[in-house]
Amino acid sequence: MPGFHTQFQGYAVRFSPFEDGKLAVATSQNYGIIGNGRQYVLQMGPGGITEWRSFDTADGLYDCVWSEANENILVSASGDGSIKVWDVAAPPQANPLRSFEEHTHEVYSLHWNQVRRDCFLSGSWDDTIKLWSLDAPGSLRTFAEHTYCVYAAQWNPAAADVFLSASGDCTVKVWDLRQPRPTLSLAAHRYEVLAADWCKYNDCVIATGSVDKSIKIWDVRMPKRELATLLGHTYAVRRVLFSPHAETLVASCSYDMTVRLWDYAAPEDALVRIWDHHSEFAVGLDWSTLVEGLLASCGWDEMTFAWHMNGDPRAS
Amino acid sequence: MHRAAQRQQVLLGHLAAAALGAPEQQLGAHPTSAGDSAAYERRALSCDDVVIVSACRTALCKAKRGGFKDTPVDDLIAAVLKETIRRSGVEPEAVGDVCFGSVMGPSSQRANECRIAMFLAGFPESVPVHTVNRQCSSGLQAIAQVAASIKAGYYTIGIAGGVESMTTNPMAWEGAINPRVAESQCAQDCLLPMGITSENVAAQYGVSRETQDAFAARSHRLAAAAQAAGKFRDEIVPVATALKDPKTGEEKRVVIDQDDGIRPGTTPASLGQLKPVFKKGGSTTAGNSSQVTDGAAAVLLMTRAEAARRGLPILGIFRSFAAVGVPPAVMGIGPAVAIPAAVEMAGLGLDDIDVFEINEAFASQATYSVDKLGLDMDRVNPNGGAIALGHPLGCTGARQTATLLYEMQRRGKAARFGVVSMCIGSGMGAAAVFERGGEVDAPPRGAVNSQLVGLSRDAVVS
């Protein structure tokens, strides 16, 4: 059972935080350059991964995120600047529940607040980050400090008001909702920063992934110098994610078509695994919070895989 | 169409640096050809290193009067086995073999009891078990044996441990003695009671009664301090068991999680009151000898590759092991011969060792061994030894290993190499070297007070 074939190219995959067998996959037609999008909800079972729901959209989808408060709510980021809210328990004709239309360019990332659980962030190619709640008709706040596309916005796993953003202006900024401006602007790489994430066990440690092919680990209290640099990817790093179960494990996927696992505790020998199961850009990646060591990835080869980090994606 | 062109532009930007060629290279770290004694840390880790990922023990309780006097020996074994599985998360069926050191128990019956304990601890029938007996070093011998088997490729994950219930199996000689022992002095000396060998060491090497009592008082003082500071908390597995009131016969459910042989108020003066028990005019007393004790301990070993695959923290690396023979009449000098042998085998010098766990069978032989090797007393048994904690014969080696590894974890980078050693009845000594280099995991961050910023990550705040 080698993965699941989606009709369009995969852009993002997310495990449901409520049901360990559910996967959401955001896809776009024609590599996301032009055409439609489709939001899949997949079901992992003993017989393999099967489609459970799918919702079509007018423009390509670049990211998706599950609600942390309601297991049926799924949100997708669309190329036309809109954010679609789906009720996966309801049929396609009853969806989307909402469409937030404020961003003026492609919405490229979404992340739900895991502490307060009532709001989420969107990062867009209009250089802004917006804060949303399903209870409010429009965005609650707009954060406009970046000077180029925002590629990622991630909440801090411990502090409900703190998040980071990674941008094509080569900086990573750390924000606090209680402050008007970013509390830190980190010139993380010499090229665009496509990905960033917080360590789940140390709320001061972040990882950044860049077009310069490197992943860097930082302590936000010491922004002068990175804690570690993880070299190995041969093209831009598209996503980097800390393990929810181990402090120093980091997974990444890249335009070099590989998914890699790193342990930054031994920086000079950090690479733990390489998977080359994708035959095109590996773009979407997620760790399961419910099953330790379970990973999922999707890519432009229209394939979605879920596997245990000790195993082979093509075998599981 | 304009929009599509813009999108293409952004995505092409993501491939910009591909033209750069190789990413900015760091200096490559090649393995150094310098020995382990090099002042800098060795960084070449081998995937086939045998590492310890879990070490735990029961409390050590006085035989016949202590917390385990009514606990069957298989319950003690099952407790440490179960805890080993719990701590590591290793699925029991993945364990290739289990080896327990046991000295006094009837050999075949003890092997059977170990098998029973495996089932009580939830192991499937597919996992085998065996026992070893090298007298007082059995627990360490079990670790060495499992490490060797892993190195040999018999399996990648093994559990080694030790157990003794001196309540159930007191020291005794069964059957007749071969009359031919008279033909060999050494053969005859094998029959000497251990206390007499201690008197021999004291007499032959001039270890005074005062020195022995001072050493014994130190053991109690350090063990009491370690217990009060909660230093044994990480290694001890609480055991829920029953205790019978010796008078009424009434049974009470209890949880045993504290060593009960430690006497905090012990001083050289109070020990000086005791009478020698083995020889008239001798110097070995009940106070400066190890206690008669019940307990069990277990250690989980695997290859480094396996530990990395499972993401398990590494407590220490098994580096070397040596067992040597010495004259049976002075069996207590074993560590003085075994430690240099094991240390040399690891490519080290005695100066490289930061912590020693030397079994205190008797204060006489422990003091002699430390003096003979010229060891810094501050590095020896920093949390007390068998005089305070007790000496459950088969368990001791594994117990010392657990105590050593946690002490080294507390010391962080200040402790890189540690040694476990003991003397062995009938005239032998054994020693093993463990490393806690830069390649092992940092202690859990929770141990450090998060308000104290600026501390190095291996700092320990107590």
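Reader: Which residues of β5(B) lie on one side and which on the other, and are they buried or exposed?

Author: On one side are B:Ile157, B:Ile159, B:Gly161, B:Val163 and B:Ser165, and on the other B:Gly158, B:Ala160, B:Gly162 and B:Glu164; all are buried, so both faces of β5(B) are covered. Buried here means that 20 or more other C-beta atoms lie within 10 Å of the residue's own; 12 or fewer makes a residue exposed, anything in between is partly exposed, and C-beta atoms are placed from the backbone. In a regular strand the side chains alternate between the two faces of the sheet.

Reader: Before I go on, what kind of model is this, and how is it numbered?

Author: It is a predicted model: local features need pLDDT of at least 70, side-chain atom pairs count only at pLDDT 80 or more, and totals for chains, interfaces and linings use all residues. Residues are numbered from 1 along each chain as its sequence is written, while chains are lettered from A and ligands numbered from 1 in the order in which they are written.

Reader: Thanks! Which strands does β5(B) pair with?

Author: Strand β3 of chain B (residues 97-101) pairs with β5(B) in the parallel sense over 5 bridges, with B:Asp97 opposite B:Gly158. Strand β8 of chain B (residues 293-303) pairs with β5(B) in the antiparallel sense over 9 bridges, and there B:Ala297 is the bridge partner of B:Gly162. Pairing requires at least two DSSP bridges between two strands.

Reader: How many helices and strands does each chain have?

Author: Chain B comes to 13 helices and 12 strands, whereas chain A has 0 helices and 28 strands. These are DSSP runs, numbered from the N terminus: H or I over at least four residues for helices, E over at least two for strands.

Reader: And what percentage of each chain is buried?

Author: Buried residues make up 51% of the 462 residues in chain B and 54% of the 316 in chain A. As for contacts with a separation of 6 or more, residues 24 or more positions apart account for 81% of them in chain B and 43% in chain A. A contact means that two C-beta atoms, placed from the backbone, lie within 7 Å.

Reader: Where do the two chains touch?

Author: The contact involves 20 residues of chain B and 28 residues of chain A. On the chain B side, α1 (2-13) and α9 (304-310) each supply at least two residues, and α1(B) gives the largest share, 5 residues. That side divides into 10 nonpolar, 5 polar and 5 charged residues. Ala, Val, Leu, Ile, Met, Phe, Trp, Tyr, Cys and Pro count as nonpolar, Asp, Glu, Lys and Arg as charged, and the others, Gly among them, as polar.

Reader: Switching to helices: is α13(B) enclosed or open?

Author: Largely enclosed by the rest of the structure, because 15 of its 16 residues are buried. Helix α13(B) covers residues 396-411 and reaches 22 Å from its first C-alpha to its last, close to the 22 Å expected at 1.5 Å a residue; the expected span is 1.5 Å times one less than the number of residues. B:Gly412 follows α13(B) with a positive phi, near 60°.

Reader: What about α11(B), what does it pack against?

Author: Its buried residues pack against α6 (194-205), α7, α10 (334-345), β10 (353-358), α12 (386-389) and β11 (417-424) of chain B. Helix α11(B), residues 363-373, has 8 of its 11 residues buried, so it is largely enclosed by the rest of the structure. Among the buried ones are B:Ala363, B:Gln365 and B:Tyr368. Just after α11(B), B:Gly374 takes a positive phi of about 65°.

Reader: I also spotted a lysine. Why does B:Lys231 count as buried?

Author: Because B:Lys231 has 20 C-beta neighbours inside 10 Å. B:Lys231 is in the loop between α7 (209-228) and β6 (239-244) of chain B. Leaving aside neighbours within four places in sequence, B:Lys231 is in contact with B:Ala226 and B:Asn383. From B:Lys231 to B:Glu407 is 176 residues in sequence and 8.1 Å in space, C-alpha to C-alpha.

Reader: Last one, over in chain A: in what order do β14, β15, β16 and β17 form a sheet?

Author: The order is β14-β15-β16-β17, in an open sheet with antiparallel pairing. The edge strands are β14 (150-155) and β17 (184-187) of chain A, each pairing on one side only. Strand β16 of chain A (residues 171-176) is joined to β17(A) by 4 bridges, and A:Lys173 stands opposite A:Ser185.
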